[in-house]
Amino acid sequence: MKKKVIILIYSVILIIFIKLLLNFVLNTSFIFLYNKGTYKTNILKPLKILNVFEPYIVYYNMGNSYYNNDEFLLAEKEYKKALEKKVPKKRVCDVRVNLSLTMIREKENGTNYSYDDIKKVLYEDDCAKPDEENGDDETSDELEKEISKKQKEEENNQENNYEQEQEQIKKEQEEANKERQDEMDSYDSSEDDSYGNSGYNGKKW
């Protein structure tokens, strides 16, 4: 009985060791390729099962790979999956910053995300705060301010474009009214000539 217990303990230790070793090898391979500019997500997929202790990392790294491959929808999904795991406080803002950057790229590509939607991602976990307050993460604060600045610029551009459109419409209406008035004046003048040519000096109906 004692022998069986010892064998079982050694077996568990061996399994844990193999998992940790594979985890290390796969992570090291991924980081090596990532630093070389090769973003392969296939290497990381086994870690979704193997990485028991920090499960968020594999989703975070896969999100980074998809982002660098311009696959922003897939990157967004991976970052959101990472946030569903238990992310340490010191790392959660890193995930939120990358998710926000991904949403910005998606917005640039025509998705319906608003700047407010993107800033909400940073406000969670107090990574950043609105109204010039400082959040818990400097990078998140800087990104939130950049987004707010971009949002203000876009709103100003929209307002200026609206005013320009209204001015253009008003100008076109004035030109159209002038053309109609000129046509009416010309018509009245031609009528006067026709009456005069006919020798009729009576009332013009």
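1. Basis. The model is predicted; local features need pLDDT of at least 70, side-chain atom pairs count only at pLDDT 80 or more, and totals for chains, interfaces and linings use all residues. Residues are numbered from 1 along each chain as its sequence is written, and side-chain values use heavy atoms, with hydrogens and water left out.

2. Core. The largest nonpolar core has 26 residues. Such a core is a set of buried Ala, Val, Leu, Ile, Met, Phe, Trp, Tyr and Cys residues joined through side-chain atoms within 4.5 Å. Buried means under 20% relative accessible area, exposed over 50%, partly exposed in between (1.4 Å probe, protein chains only). Among the residues with the most contacts inside the core are Y79, A82, V95 and L143.

3. A82. Leaving out residues up to four places away in sequence, A82 touches Y56, Y59, Y60, V87 and V95. Contact means heavy atoms within 4.5 Å.

4. Aromatic pairs. There are two. Rings of Phe, Tyr and Trp (its six-membered ring) pair if their centres lie within 6.5 Å; planes under 30 degrees apart count as stacked, over 60 as edge-to-face and the rest as tilted. Y60 and Y79 are tilted, at 6.1 Å centre to centre and 55° between the planes. Y60 is buried at 12% relative accessibility; Y79 is buried at 1%. Y67 and F72 have planes at 70° and centres 5.4 Å apart, so this pair is edge-to-face. Y67 is partly exposed at 21%, whereas F72 is buried at 6%.

5. Charge over ring. The charged end of K107 sits over the ring of Y115, 4.6 Å from its centre. The rule: NZ of Lys or CZ of Arg within 6 Å of the ring centre and within 35 degrees of the ring normal.
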